[in-house]
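Please read this report with the structure open beside it.

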Amino acid sequence: MSTTSGVATGEFAQGKPPLDPGKRKSLHDGSGRKAAVLIAPTIVLLAIVILYPVISAVSQSFTKDAGLDPATGMFVQGGFAGVTNYKLWLLQDCGSGAFSCPPGTLGSQFWTATGVTFLFTVVAVSLETLLGFTFALVMHRKFKGRAILRASVLVPWAIPTAVTAKLWYFIFAYDGIANKILGTEILWTGDGWPPKAAIIIADTWKTAPFMALLILAGLQVIDESVYEAAKMDGATAWQRFKHITLPLVRPALMVAVLFRTLDTLRMYDLPKILTGGAGDTSTLSMLVVDQVRTGFNAASALSTLTFLIVFAVAFIFIKFLGANVTEQRAPKTKKAA
Amino acid sequence: MFGKPGTSFATRKISFTLALAATGVLALGACGGGGDSGGSADAAKGGNTTGPITYVQGKDNSGIVQPAIDKWNAAHPDQKVTLKEQTDQADQQHDDLVQNFQAKNADYDVVSVDNIWTSEFAAKGWLQPLTGDYSLDTSTLLPATVTAETYNKTLYAAPTTSDGGLLYYRKDLVPTPPKTWDEMMSMCSIAKQNGIDCYAGQYAQYEGLTVNVAEAINTFGGSILSEDGKTATLDTPEAKAGLDALVKGFQDGDIPKQATTYQEEQGRQSFEDGKLLFLRNWPYVYSLAKTDGSSTVKETFGVAPLPGATDGKTGASSLGGHAAGISVYSDHKKTAFEFIKFLQSEEIQKDWLTKGSAAPVIASLYDDPTLVQQFPYLPELKTSIENAVPRPVTPFYPAVTKAIQDNAFSALSGSKSTDAALSDMQKSVQNAISGGQ
């Protein structure tokens, strides 16, 4: 479609009427060149800002980190590393075989960090979806003060994450509001489950409104008459929700869940400020930043791995999402045909 | 297009994933960028001439640096110094310096380095060794501040500010401060009688934990690294005694369990609220505890040097402080060298103390009667810094401090025994200094 319109514009721009097939072909080529020239700046820009850093990161990940020359005490370039940097993370191999990284090294934390990142993602996104859906359903109803409610629900989303994290840091302090209200003496930023719970609570508080907003947008495109028809047929509220709202809002819902999942997988600022990684709450991104300060090349390997993980999750999601979308659109196509 | 909506939609979705993923890579790729670490091959760049220079340091919160520079500029109109302020976050200052050194930026002539970064920058070949034409007279300085800036027996930066830990205590409850750790722990019954917590330092999982754990280990005669910085020395009875003292404090409740979430401020608040008998903290707490509206201990607290392991030996504080280093890429190193000497001069050191409460590096200032009158904690601070031990001097400091923090935190929060934590700490510190991974 875009090609045909391209040809049309090309001909029009050159002020020549459509001619015989031979001539037409050369014209087509000319406009193709023109298109290439027009697209070129974008391609070059993308190559500079995306392709170059990616290739550079991947190639760096196969280089050894600079080591000390024992004689001079100065750093010297590391040379080719093969897959050592990847073995450091995947096998926790600090040089003397698999799982040789002692606790306290970054290498020993890869799988813990991966686990905790996925834990945050699964729990927080589930909670956010549930809460977001509930908010959206409430905001979708017509009642007095709806505008104010909509605006106020968005407040947590509008606050910068760093500020949110600091707010919750004070709330979760030992002498903080959380312990006062609950009447407990939990060390929310200490060891064990509390720091994980603290991060999930803070993240859910912050991003449930985002979910609500995207889901609300999905709800608003559903035609009111569908509900009226269902009511006439005697469908209960639950049936209307299950058979009308849920399937029709699904595309919007899936996009919202996808966004949040990818966002949570790369979470950095919230846990960094709230717990600083205490109690095994270092996420993958925090591990990357810690490693950058110690050695760029191992950090490149880690960011490549993180990318692959995020990509795999996104891919699974899209496959799953795409299939459902196709299914839904299939009957429509038949009608159109 | 209407013919096969399913596929085209799916394809579009997939390319959407690719775009999203690419954005992710972009962000990650940016982290991995610029892995070039100069090394010794880069020595002898820039120039040994005079001329205008730039002094780079973290945000000057007390406003004492610009006045000093103005003074310099008035006296040296043809060698003007410009101040470049970084953020007030130490990590960001570090990363900013690294980036500018990697870019061989000649505009960063004199840089202020936290004493834990000096050996890293030195080993990367970014700091001008202070030898030959640049030899510095360090005889008037507190020795620990010089050790902290010395890597491979070479001085790489000129100490400009110092800092040491102090023991804050409630003189209404404890008339004479404890001299030893055991004495202090035995006084915890007084805290119990008064229904308050006994002792706290900084035990949250961050740099402060390294400071406190290193203090405990050094106080009990242990060390983290050997003198040449090439071996970890944590598998000793002394190191165990040090870490054990803290672990036992937590087990007995003499150190409250919430102290594993304490940074400097939480401890200070607890002490100012009258809920803590002893507090290990930096000198900045002194004036706040005296003047804060919410402080309930204004007239009832005192300061003492940190308690030692045995009588007659003061505790070994970890050393804080900054130094000024000359970038090897500077074109005007002669001016730069004169300027760092100026920052170390008695005049500026005195100014910075009186106007910004910055602990000086010149030993004699601590005995100046007028200064002591204004800052009554100076004699104790001098004792503290005289007995201070720099945190491990190694180019692999970030990995070393991480190894200490993670394992010490497990020990203090009770999820690991002292022995297991120390043995893991020994292995991970050794791993850190022998490769950087």
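Two residues are in contact if their C-beta atoms, placed from the backbone, lie within 7 Å. Leaving aside neighbours within four places in sequence, Val429(B) is in contact with Ile224(B), Ala232(B), Leu234(B), Val400(B), Ala403(B) and Ile404(B).

This is a predicted model: local features need pLDDT of at least 70, side-chain atom pairs count only at pLDDT 80 or more, and totals for chains, interfaces and linings use all residues. Residues are numbered from 1 along each chain as its sequence is written, while chains are lettered from A and ligands numbered from 1 in the order in which they are written.

## Cores and chain A

A residue is buried if 20 or more other C-beta atoms lie within 10 Å of its own, exposed if 12 or fewer, and partly exposed in between; these C-beta atoms, too, are placed from the backbone. A nonpolar core is a set of buried Ala, Val, Leu, Ile, Met, Phe, Trp, Tyr and Cys residues joined through C-beta atoms within 7 Å.

The largest nonpolar core has 125 residues. Leu243(B) and Val429(B) have the most contacts inside it. Helix α16(B) gives the largest share of this core, nine residues. A second, separate core has 57 residues, including Val125(A), Leu284(A), Met286(A) and Phe307(A).

Helices (H or I, at least four residues) and strands (E, at least two) are DSSP runs, numbered from the N terminus. Chain A has 14 helices and two strands. Of its 337 residues, 35% count as buried. Take the contacts in chain A between residues at least 6 apart in sequence: 65% of them join residues at least 24 apart.

Two strands pair if DSSP finds at least two bridges between them. In chain B, four strands form an open sheet in the order β8-β9-β7-β10, with mixed pairing. Strands β8 (197–200) and β10 (301–304) of chain B stand at the edges with a single partner strand each, so one side of each has no neighbour in the sheet. From one strand to the next, the twist averages 15°. Axes are lines fitted to C-alpha atoms, for helices over the stretch in contact, and angles run from 0 to 180 degrees between N-to-C directions.

| Strand pair | Sense | Bridges | Residues facing each other |
|---|---|---|---|
| β8(B) and β9(B) | parallel | three | Asp197(B) and Leu276(B) |
| β7(B) and β9(B) | antiparallel | four | Leu166(B) and Asn281(B) |
| β7(B) and β10(B) | antiparallel | four | Tyr168(B) and Val303(B) |

How many residues of β7(B) are buried? Five of its five are. Leu166(B), Tyr168(B) and Arg170(B) lie on one side, Leu167(B) and Tyr169(B) on the other. In a regular strand the side chains alternate between the two faces of the sheet.

Helix α10 (residues 264–272) of chain B has the buried residues Gly267(B), Arg268(B), Ser270(B), Phe271(B) and Glu272(B). They pack against β7 (166–170), β8, β9 and α11 (284–291) of chain B. Just after α10(B), Gly274(B) takes a positive phi of about 80°.

## The five-stranded sheet

Another open sheet in chain B has five strands in the order β2-β1-β3-β11-β6, and its pairing is mixed. Strands β2 (81–85) and β6 (158–163) of chain B are at its edges. The twist averages 20° from one strand to the next. Strands β1 (residues 53–57) and β3 (residues 110–114) of chain B pair in the parallel sense over two bridges. Val56(B) stands opposite Val111(B) in β3(B). Helix α2 (residues 65–75) of chain B packs on this sheet, touching β1 and β2 of chain B. Its direction makes about 165° with that of β2(B).

## Two crossing helices

The axes of α8 (residues 207–219) and α16 (residues 397–412) of chain B come within 9 Å and cross at roughly 80°. That makes α8(B) roughly perpendicular to α16(B), a term for angles of 65 to 115 degrees. Helix α8(B) contributes Glu207(B), Leu209(B), Thr210(B) and Val213(B) to the contact, and α16(B) contributes Thr401(B), Ile404(B), Gln405(B), Ala408(B) and Phe409(B).

## A loop residue

Tyr156(B) lies in the loop between β5 (154–155) and β6 of chain B. Is Tyr156(B) buried or exposed? Tyr156(B) counts as buried, because 23 C-beta neighbours lie inside 10 Å. Its C-alpha atom is 8.9 Å from that of Phe121(B), 35 residues away along the chain.

Notes: Parallel < 35°, antiparallel > 145°, perpendicular 65-115°, else oblique.
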